[in-house]
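Here is a short briefing for a reader new to this structure. Please look over the sequence and the model before reading on.

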Amino acid sequence: MRFIFKTRYDQDINLFPHGGAVFWYSLLAVTLLSVPLIVTPFYVGELSFLFIWSLAGLSLMVLTGYTGLISIGHAAFLGIGAYVHAYLVRHGVPFIPAILCGGFAAAAAGLVIGIPAIRMRGLYLAIATLAFSAIAEEVFVRWETLTGGSRGVPVPKPQFLGIEIDNEIGFYYLCLAILVLCILGIVNLLRAPTGRAWIAIRDSEIAAQSMGVNLAGYKALAFAVSAFLAGIAGGLFAHKVGYLTPDIFTPILSIQLLMLVMVGGVGSIHGAIFGAIFLVLLPTVISIARDYLPAAIGQQPALEPGIYGLILVLVVLLEPLGLNGLWLKIKFFFSQFPMYKSATFKRQKTYMRTERLQ
Amino acid sequence: MTILRAQDLAINFGGIKAVDGITFDVNKGEIFTIIGPNGAGKTTIFNLISRIYQATSGKLVFDGDDITHMPPHRIAGRGIARTFQNVELFEHATLLQNLLLGQHAHRKTRPWEEVLFLPRVRVAEREIRRRVEEIIDFLDLQHYRDVVVQHLPYGVRKVIEVARALCTQPKLILLDEPSSGLNVEETEDLSFWIRDIRDDLGITVVMVEHDLALVNDVSDRVMAVNYGRLIATGTPADVQNHPDVIKAYLGG
């Protein structure tokens, strides 16, 4: 068992709460850095996909997991980031300014949808973002100079400091670096007043307001930050797929992202990563399972969305904190070993619900 | 010296006059209690002062400033903190995080500085932590510092709400039924704390309260309201013996 004696405030402010965490994260870093030297390029490519999904998941985690605003329109932000980035890269803009512009374009779109959406919540906000996503999809089809219409546009390989990154390994490190930087930025926000204000809005708007949180401002900021990250993820995604067509950025993608957040665990950065791992693995598992299932089920084209739906229902029913909740329980089990009590995580019903700002 | 003045304060919800032209003064450094039967408009008065509701007419002056039209999120920074009748904590955060948010109105860092976690963000965070720790000491909450609020018993959560309000460094604190749901012992502790808040921290206290023992124990002045109108103001004994107050509670 580990006991942490707190003698300085910095122990609560630091990124890592104790030396053990430093050790494990360093081990993870070393592993991730050395993976491309060990596994085949195919798996390196899959891992890059995982990083892009994690970034997209992180983006929605900020909005839904921490600020409590549901969006079923995140595919639109990914799309805006992807198209703007692809357009700039095709016109000779270097990688870093191009991807930042993609991010800022998405952030601007996030503000445009976010500011009217501030007055809405729950289901209404979900529908509004869905509508925005549908509009964006239509714009992607029509705005041919930017997007190439329904024929789509090819995306050149990323140019980084004059060097073209044309192999999977280089792209892997690029995605990893961007993901780590983005996670660091978000973790920094979360341990500062801004992140606390977001969490406060999620848990009780009326109390947050009475403590001096400008609800409209922080919700708009959450939308902008979230859309910015989605835009960055979109830019990386554009390189990854190599060819952009509007039918990539459909509401189904948004719903997958929402599922990523729910399955991973609402309100945790770990959850975004776990959710991404889950979402990258699931299609592979389903395609393998198809061979073993009876033909009547295995050949169903709708098997995949059906399983997605089933998993969402099961997560909400059985483990509302998702994979991260499971992870915390396992960690707790080992940290308390052999003193673990099975009642520790018994879910309690709380009946205290109060009037809320409508 | 007057710290808060409400002048002809009124609000209508449709045809219902929830608060119907109430005028009262709260003096600096006093414990001022609002009593009245259910639905009399006590909490509505609080919501008007903390600007969650917009008054239909009337005027609110706090510490020399007209706050009648101040946006609700500026109220905390101006020096008015409040608690809620039904605890409104950030359930999925720890006690410490809840209290840290109390310091939100005094934050000194911008979001872009926080993204990079510049050294001055750390300095500001330490200062915030220090102030919060003082309140944790003051209300004896050390034991629960890192516990997620959701898992704490109701009596403790009530205290945490007071603590969070104190973390905004207010001049005036509004306590909405602080003793509801507390047992006898906890209520006694509460009466000490309310006095300490006034005497040690120098904060003016306005509370809505039903527990008349607590009201008599700590209040300097009491205001009784019914149907959104003021019936009586004065010392606890005067108000309780006022014929209109007795009528309001007992009918007749």
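Is B:Gln169 buried, partly exposed or exposed? B:Gln169 counts as partly exposed, because 17 other C-beta atoms lie within 10 Å, and the buried class needs 20 or more while the exposed class stops at 12 or fewer. The model is predicted.

**Loop residues in chain B**

- B:Gln169 sits in the loop between α6 (154–167) and β7 (172–176) of chain B.
- The phi of B:Gln169 is positive, about 50°, although this residue is not a glycine.
- B:Tyr227 lies in the loop between β9 (221–226) and β10 (229–234) of chain B.
- B:Tyr227 is not a glycine, yet it has a positive phi of about 50°.
- B:Tyr227 has 16 C-beta neighbours inside 10 Å, so it counts as partly exposed.

- Two packed helices are described by the angle between their axes and the distance between the axes.
- Helix α9 (residues 193–203) of chain A packs against helix α3 (residues 95–102) of chain B at an angle of about 105°. Their axes are 10 Å apart.
- That angle makes α9(A) roughly perpendicular to α3(B), because angles of 65 to 115 degrees fall in that class.
- From α9(A), the contact involves A:Arg196, A:Ala197 and A:Ala200. They meet B:Gln97, B:Leu100 and B:Leu101 in α3(B).
- The residues of the contact of α9(A) with α3(B) comprise 4 nonpolar, 1 polar and 1 charged.

Note on methods:
Residues are numbered from 1 along each chain as its sequence is written. Chains are lettered from A and ligands numbered from 1 in the order in which they are written. This is a predicted model: local features need pLDDT of at least 70, side-chain atom pairs count only at pLDDT 80 or more; totals for chains, interfaces and linings use all residues. Helices (H or I, at least four residues) and strands (E, at least two) are DSSP runs, numbered from the N terminus. Axes are lines fitted to C-alpha atoms, for helices over the stretch in contact, and angles run from 0 to 180 degrees between N-to-C directions. Angles under 35 degrees count as roughly parallel, over 145 as roughly antiparallel, 65 to 115 as roughly perpendicular and the rest as oblique. Two residues are in contact if their C-beta atoms, placed from the backbone, lie within 7 Å. Ala, Val, Leu, Ile, Met, Phe, Trp, Tyr, Cys and Pro count as nonpolar, Asp, Glu, Lys and Arg as charged, and the others, Gly among them, as polar.
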